[in-house]
Amino acid sequence: MSRISTAALRRLMDELPFNSLLGLKLQRRHDDGVTIECPLKPEHTNIHKTMHGGVTATLVDVAGGFATMSHYGGRPCATVEMKINYLLPVTGKWARARAKLVRMGATLCVAQVDVHDPRGWLVAAGLITYMLLDSRGKATG
């Protein structure tokens, strides 16, 4: 399996319209995953002026998906299941998601994602399963 470069992952992040709309940025690549950051903009907030849960869920999903694509050489994947525990409201200037791959198989991959605020507090935790797709975006199994 070929390894996708960090530069290629960053380009992909920037090229995806929804990720760009939210301002998501690949901060770091790890042997077992990635770290992605999302700024807290006024348009990302809920009625309480904290990060909307949908933005947090997107951050978790994108972090896990990019960790999966990174491990599988850029191979596309699709979310098949996602569970998120919202632990604290995000009130700082950003939220940072650290995705770690916990199980890598031939057709499915599972990622654990922890989201922290600028104080270093754990604000959300997610567990996501991805289906690996072929180059045409079709299921392989």
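H44 is found in the loop between β2 and α3 (53-71), where helices (H or I, at least four residues) and strands (E, at least two) are DSSP runs numbered from the N terminus. This is a predicted model, in which local features need pLDDT of at least 70, side-chain atom pairs count only at pLDDT 80 or more, and totals for chains, interfaces and linings use all residues. Residues are numbered from 1 along each chain as its sequence is written, and side-chain values use heavy atoms, with hydrogens and water left out.

**Surroundings of H44**
- H44 is buried, with a relative accessible area of 2%; buried means under 20%, exposed over 50%, and partly exposed in between (1.4 Å probe, protein chains only).
- Leaving aside neighbours within four places in sequence, H44 is in contact with L21, L22, C38, P39, T50, M51, H52 and V55, contact being heavy atoms within 4.5 Å.

**Sheet and helix**
- An open sheet of 6 strands runs in the order β1-β2-β4-β5-β6-β3 with antiparallel pairing; two strands pair if DSSP finds at least two bridges between them.
- The edge strands, β1 (25-30) and β3, each pair on one side only.
- On average, neighbouring strands of this sheet are turned by 20 degrees against each other, direction ignored; axes are lines fitted to C-alpha atoms, for helices over the stretch in contact, and angles run from 0 to 180 degrees between N-to-C directions.
- Strand β2 (residues 33-39) pairs with β4 in the antiparallel sense over 7 bridges, and the bridge partner of V34 in β4 is A99.
- Helix α1 (residues 6-15) packs on the sheet and touches β1 and β2, its direction making about 150 degrees with that of β1.

**Salt bridges**
- The whole structure holds 4 salt bridges, each defined as a side-chain nitrogen of Lys or Arg within 4 Å of a carboxyl oxygen of Asp or Glu.
- K25 and D14 form one of them (3.2 Å, N to O), linking strand β1 to helix α1 across 11 residues.
- R98 and D32 meet at 2.8 Å, N to O; because R98 lies in strand β4 and D32 in the loop between β1 and β2, the pair ties together parts that are 66 residues apart in sequence.
- R119 and D117 meet at 2.4 Å, N to O; R119 is partly exposed at 45% relative accessibility, whereas D117 is buried at 1%.

**Nonpolar surface patch**
- L87, L88, W121 and L122 form a nonpolar patch on the surface, with about 360 Å² of accessible area together.
- L87 lies in the loop between β3 (77-86) and β4 (94-104) and counts as partly exposed, at 43% relative accessibility.
- Patches are made of residues with over 30% relative accessible area and no salt bridge, with like charges joined within 9 Å and nonpolar side chains (Val, Leu, Ile, Met, Phe, Trp, Tyr) within 5 Å.
- Accessible areas come from the Shrake-Rupley method with a 1.4 Å probe, and for residues only the protein chains shown count as cover.
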